Amino acid sequence: MTARIYRPARTAMQSGTAKTERWLLEYEPESARQIEPLMGWTSSSDMKSQLKLWFDSEAEAVAYATRNGIPYRVEQPHEPVRRSISYSDNFKFSRIGQWTH
């Protein structure tokens, strides 16, 4: 069973970068989920899918996986591209496109 080491992205409800600096080690599912016939809930016999380990750095997570003999895959985070735009750029003479009221 392979573990996945990654830094989770911020949720859609966040505008800042809180809780995105830590690294997460979680296992990939071994088997697909089944629908439980009586209640209709989804269930799985895979207990490792419930395990999530948090680390302060990528190196700590990799060291833990190698120390315990866990095969792992590291996914590097995608950094957001920030554009710097000011309000006064809407009224420039060199603006591409027409500004109308």
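# Briefing on a predicted chain

Y64 is partly exposed, with a relative accessible area of 25%, where buried means under 20%, exposed means over 50% and partly exposed lies in between, using a 1.4 Å probe and protein chains only. This residue belongs to a predicted model, in which local features need pLDDT of at least 70 and side-chain atom pairs count only at pLDDT 80 or more, while totals for chains, interfaces and linings use all residues. Residues are numbered from 1 along each chain as its sequence is written, and side-chain values use heavy atoms, with hydrogens and water left out.

**Overall form**

- The chain contains one helix and six strands, and from the N terminus on these elements follow the order β-β-β-β-β-α-β; helices (H or I, at least four residues) and strands (E, at least two) are DSSP runs, numbered from the N terminus.
- The radius of gyration of the chain is 22 Å, well over the 13 Å that the globule rule gives for 101 residues, so the chain is more spread out than a compact globule; this radius is taken over C-alpha atoms, and the rule is 2.2 Å times the number of residues to the power 0.38.
- Along its principal axes, the C-alpha trace of the chain spans about 65 × 40 × 20 Å.

**Burial and contacts**

- Of the 101 residues of the chain, 15% count as buried.
- Among contacts between residues at least 6 apart in sequence, 54% join residues at least 24 apart, where contact means heavy atoms within 4.5 Å.

**Rings and charges**

- The structure holds one aromatic pair.
- In this pair, the rings of F55 and Y64 have their centres 5.5 Å apart and their planes at 45 degrees, so the pair is tilted; rings of Phe, Tyr and Trp (its six-membered ring) pair if their centres lie within 6.5 Å, and planes under 30 degrees apart count as stacked, over 60 as edge-to-face and the rest as tilted.
- F55 is buried, with a relative accessible area of 12%, whereas Y64 is partly exposed.
- The charged end of R4 sits over the ring of Y6, 4.0 Å from the ring centre, and that of K48 sits over the ring of Y27, 5.0 Å from the centre; this requires NZ of Lys or CZ of Arg within 6 Å of the ring centre and within 35 degrees of the ring normal.

**A buried loop residue**

- T20 lies in the loop between β1 (3-6) and β2 (23-27), and T20 is buried, with a relative accessible area of 9%.
- Not counting residues up to four places away in sequence, T20 touches R7, P8, A9, R10 and Q14.
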